[in-house]
Amino acid sequence: MHLSLELFVESPEKSLDFYRRVLGFEVQGSPGTEYTMLKNGDAVIAINSRSVLSTDHPLRIDTGQRAGLGVEIVLKVADVEGAYRAAKESGWTVSDFALQPWGLRDFRLIDPDGYYVRVTSRHMS
């Protein structure tokens with residue numbers, strides 16, 4: 001089983017910039033104004049324009065409301081230190097790099113729409 005995420009966002013351009021520049025995802029196929037698939041290793045995230053959702057769609061939120069409440073997107077990477085450096089160098093606001101009590105190292109950030117992302121080491125050190 002593989003998991004793909006579809007994020008419905010206010011501004012696909014801002015989200016594509018964030019996931020590409022800050023987290024190293026690459027566009028798969030042709031980027032569109034309403035739907036673009038991104039990939040980094042086995043992780044797949046599709047960026048969708050929130051405007052395509054019908055007004056009664058369960059994922060529809062109003063402009064200004066925070067998306068993704070109750071969900072944490074966890075990206076497991078082989079080189080968490082490198083991912084942290086790249087995210088910091090992008091200029092995006094990131095948490096401090098931390099060693100967690102359960103033995104993994106991680107950092108956290110919030111994407112342009114308020115989705116909460118944790119980037120963590122793939123294996124225990």
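**Close-up 1. The end of helix α2 and what lies over its buried residues.** After α2 comes G91, a residue with a positive phi, near 90°. This view, like the others here, comes from a predicted model. Helix α2 itself spans residues 80–89, and its buried residues are V80, G82, Y84 and A87. Look around them and you will find their cover, which includes α1 (12–22), β5 (72–77), β7 (105–110) and β8 (116–121).

**Close-up 2. An open sheet of 4 strands.** Follow the strands in the order β1-β4-β3-β2, and note that their pairing is mixed. At the edges sit β1 (4–9) and β2 (26–28), each pairing on one side only. On average, neighbouring strands of this sheet are turned by 35° against each other, direction ignored. Helix α1 packs on the sheet, where it touches β1, β2, β3 and β4 (43–49), and its direction makes about 160° with that of β4.

**Close-up 3. Strands β2 and β3 side by side.** Here β2 meets β3 (residues 35–40) in an antiparallel pairing over 3 bridges.

**Close-up 4. The largest nonpolar core and its residue Y19.** This core has 23 residues, and Y19, L23 and L109 are those with the most contacts inside it. Two or more residues come from each of β1, α1, β4, β5, α2, β7 and β8. Helix α1 gives the largest share, 4 residues. Zoom in on Y19 and, leaving aside neighbours within four places in sequence, you will see its contacts, among them L7, F25, L38, I45, I73 and V117.

Key. Residues are numbered from 1 along each chain as its sequence is written. This is a predicted model: local features need pLDDT of at least 70, side-chain atom pairs count only at pLDDT 80 or more; totals for chains, interfaces and linings use all residues. Side-chain values use heavy atoms; hydrogens and water are left out. Buried means under 20% relative accessible area, exposed over 50%, partly exposed in between (1.4 Å probe, protein chains only). Contact means heavy atoms within 4.5 Å. Two strands pair if DSSP finds at least two bridges between them. Axes are lines fitted to C-alpha atoms, for helices over the stretch in contact, and angles run from 0 to 180 degrees between N-to-C directions. A nonpolar core is a set of buried Ala, Val, Leu, Ile, Met, Phe, Trp, Tyr and Cys residues joined through side-chain atoms within 4.5 Å.
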